[in-house]
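Please consult the sequence and the structure shown below while reading.

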Amino acid sequence: MQDVLKKIRAEREAFPPSQRTVADYVLAHYKDVPFLSVTSLADKIGVSDTTVIHFCTRLGFSGYSAFRKSLSEQVQSEITLYSKLNAQIENLGHSSLLDQVLKDDVGNIELTLNDPHNRTSFDKLLAQIEQADTLFICGFRSASMQAEFLSQSLRMQNRRVVTITPGNGDYTDKLNCITKKDLFLCFVFSRYSGDVIKALEWVHREGIPCAAITDERSSPAFGYADIALLCKTKSSSYQGSYAACSALCNAIITGTSLNRKKQTTQALERLEGLFAEFGTFYR
């Protein structure tokens with residue numbers, strides 16, 4: 001794939017003007033292209049579908065699908081754990097380690113907070129949670145921790161919550177229980193769990209209310225979710241930073257508890273009684 005980018009750069013001046021415009025866009029945004037259809041890409045650039053296809057065939061691909069697949073493979077190779085680790089070793093010294101990691105977290109929270117899209121989507125999500133009979137909260141791999149945390153916290157408000165994580169492999173059984181009166185909420189970040197995206201796509205197709213907490217507008221989850229909240233996950237490590245996602249979860253927990261203040265208070269009082277009965281905490 002690196003050869004393709006090099007070929008685009010090498011042949012750029014020989015392209016017709018309209019195809020040169022495609023080349024410039026692809027070179028600048030090649031990480032976004034795998035998530036775009038040929039029509040979506042053409043619209044973003046301001047050219048016809050035919051121009052994009054001719055650009056791909058001129059590079060030696062059979063069509064746009066083959067070209068997009070090659071770009072997707074490159075994007076995935078760039079975000080493998082070992083490539084992130086190598087970049088971390090090269091770019092980060094021990095003396096700046098603590099500063100850089102914490103600054104990344106603070107920056108992610110600020111970017112998430114200041115995103116205008118999140119301002120409107122947050123209130124919509126709270127309203128949708130109130131309307132739902134049951135919340136189905138999904139997350140795989142590292143995102144499963146966020147799903148578990150939000151599920152437990154909302155369950156403490158005496159809400160009906162089903163957590164969907166890889167577990168013993170019964171997540172399709174749980175999906176089968178969702179109705180149009182419920183809400184499916186998933187956490188999914190780059191490199192985007194295939195199973196979570198498939199689940200979100202299926203729920204969307206079934207006409208069931210669905211929401212996603214993800215990282216970018218180019219995320220494959222963004223187009224399927226009725227409501228999407230964006231959390232920045234920039235990190236100096238091979239793992240993403242989920243500080244902004246945790247902060248967003250705390251905001252959701254606070255907002256939903258205020259929406260059901262009386263019920264939440266009663267549920268927490270009863271829960272405290274159970275803690276005492278079972279000796280849950282060290283004394």
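Which residues make the nonpolar surface patch of about 340 Å²? In this predicted model, the patch is made by Leu97, Leu98, Val101 and Leu102. Leucine 102 belongs to helix 7, which covers residues 97-114. Its relative accessibility is 47%, so leucine 102 counts as partly exposed.

**Overall architecture**

The protein chain contains 13 helices and 5 strands. Its C-alpha trace spans about 75 × 50 × 35 Å along the principal axes. Of the 283 residues, 40% count as buried. The accessible surface of the chain comes to about 15,700 Å², and 52% of this area belongs to carbon and sulfur atoms. Among contacts with a separation of 6 or more, 67% are between residues 24 or more positions apart.

**Aromatic pairs**

A pair of aromatic rings is described by the distance of the centres and the angle of the planes. The structure holds 7 aromatic pairs. The rings of phenylalanine 55 and phenylalanine 67 form one of them, and because their planes stand at 90 degrees, with the centres 5.7 Å apart, the pair is edge-to-face. Phenylalanine 55 lies in helix 4 (residues 49-58) and phenylalanine 67 in helix 5 (residues 64-78), so this pair ties together parts that are 12 residues apart in sequence. Both phenylalanine 55 and phenylalanine 67 are buried.

Phenylalanine 140 and tyrosine 171 also form an edge-to-face aromatic pair. The pair links distant parts of the chain, 31 residues apart. Phenylalanine 140 sits in the loop between strand 1 (135-139) and helix 9 (143-155), whereas tyrosine 171 is in helix 10 (residues 171-175). The relative accessibility of phenylalanine 140 is 9%, under the 20% cut-off, and phenylalanine 140 therefore counts as buried. Tyrosine 171, with a relative accessible area of 21%, is partly exposed.

The geometry of these two pairs is set out below.

| Pair | Centre to centre | Angle between planes |
|---|---|---|
| Phenylalanine 55 and phenylalanine 67 | 5.7 Å | 90 degrees |
| Phenylalanine 140 and tyrosine 171 | 5.0 Å | 75 degrees |

Which residues do ring pairs link into a cluster? The cluster consists of Phe15, Phe55, Phe61, Tyr64 and Phe67.

**Lysine 261**

Is lysine 261 buried or exposed? With 58% relative accessibility, lysine 261 counts as exposed. Lysine 261 is placed in helix 13, which covers residues 261-278. A distance of 27 Å separates the C-alpha atoms of lysine 261 and histidine 117, two residues that are 144 residues apart along the chain.

Definitions and conventions
Residues numbered from 1 in each chain as written. Predicted model: local features only at pLDDT ≥ 70, side-chain atom pairs only at ≥ 80, totals over all residues. Heavy atoms only, no water. Patch = residues over 30% accessible without salt bridge, like charges linked within 9 Å, V, L, I, M, F, W, Y side chains within 5 Å. Areas by Shrake-Rupley, 256 points an atom, 1.4 Å probe, with all protein chains shown as cover. Salt bridge = Lys/Arg side-chain N within 4 Å of Asp/Glu carboxyl O. Helix = DSSP H or I, 4+ residues; strand = E, 2+ residues; numbered from the N terminus. Buried < 20%, exposed > 50% of the residue type's maximum accessible area, 1.4 Å probe, protein only. Phe/Tyr/Trp six-rings, centres within 6.5 Å; stacked < 30°, edge-to-face > 60°. Contact = heavy atoms within 4.5 Å.
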